[in-house]
Amino acid sequence: MSTLWLVATPIGNLGDLAPRALDVLGAVDLVCCEDTRRTGPLLRNAGIDTRLTVVNDHTERPQVRAVLDVLDGGGDVALVSDAGTPGISDPGERLVSAVLATEHTVSAVPGPSAAIMALTISGLPTARFVFEGFLPRKGRERTERLTAVAADTRTVVLYEAPHRIERTLDDLRAACGSDRSVVVTRELTKLHEEVRRGTLGTIDIGEPRGEYVIVLDGAPAANSPASDDDVRAALRVALDGGASSRDAVASVVSTTGRAKREVYDLAIDLQRDAS
Ligand code: SAM
């Protein structure tokens, strides 16, 4: 049984190439890459002379048979992309499926991916997120995806090219409104790495240049519990309307879904502030 290795490579800083990535790239019988002009120097600099073949969006299908032949012959194969993790907005998925349909195994040397780096440094919630990659460029497909992105309550991670970043931010603002928090990251791990935070209404990305990842805050959940500010506002309305503290608390608990103890504490604070 042989192995197809998915090997992550740097997204900018060559120091991010893992020692195990080099071990695997040096040990396999064939390295599949998107562009030999990119991967060739990477291997040569590390003193690795493993045979290279091109597997990209155009060649992935015909190359699958050649890769399976190497695996069937007892050799191991590595797949790298131009940058980051293979299969993430890069070729890989088809080759992985084809290998998994055989007796051979698929494993990985994990490492850099612009999506994960952007998400984790964004400051936006990371517990639940969705990776959208590149939005469809135009037409109904783009509109429908923007609508879905706008409604998603999870943090959304998008890739974008410099010549389309402004239009995409404009379209996201039209779909999600101006108040949605957004983090725009650029040239991650490179000399001109930049992270800009704001809302879709205020974000200023300066001169569009380099590679971008957009991290968008999720939509507020429709049934999320009311905030402390919402509770205070509702209490004020009830108290100003002549309700007793007890009735005001009971009414706000029933309309906001917040715990009675929390609403009671907020009511006490409110009355203390007012006296
Ligand atoms: N497989 C790669 C990964 O794991 O991140 C992504 C490849 S995709 C073809 C290229 C896109 O990834 C770029 O257009 C940009 O959106 C994002 N990207 C890649 N490197 C980046 C970097 N250093 N800084 C910001 N974005 C980057």
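## The open sheet

Let's start with the sheet: five strands make up an open sheet with parallel pairing, and their order is β3-β2-β4-β1-β5. The edge positions belong to β3 (51-54) and β5 (105-109); each has a single partner strand, so one side of each is left without a neighbour in the sheet. From one strand to the next, the twist averages 25°. Please keep in mind that this is a predicted model.

Helix α2, made of residues 36-45, lies across β2 and β3. The angle at which α2 runs to β3 is about 160°.

## Ala118 in helix α5

Now for a single residue elsewhere in the chain. Ala118 has its place in helix α5, which covers residues 114-122. Is Ala118 buried or exposed? Ala118 has a relative accessible area of 0%, and because buried means under 20%, Ala118 counts as buried.

Which residues does Ala118 touch, once its neighbours within four places in sequence are left aside? Ala118 is in contact with Thr185, Leu188, Val213 and Val215. As for Asp29, that residue is 89 residues from Ala118 along the chain, and the C-alpha atoms of the two are separated by 34 Å.

Note on methods: Residues numbered from 1 in each chain as written. Predicted model: local features only at pLDDT ≥ 70, side-chain atom pairs only at ≥ 80, totals over all residues. Heavy atoms only, no water. Pairing = 2+ DSSP bridges. Helix = DSSP H or I, 4+ residues; strand = E, 2+ residues; numbered from the N terminus. Axes fitted to C-alpha atoms, helices over the stretch in contact; angles between N-to-C directions. Contact = heavy atoms within 4.5 Å. Buried < 20%, exposed > 50% of the residue type's maximum accessible area, 1.4 Å probe, protein only.
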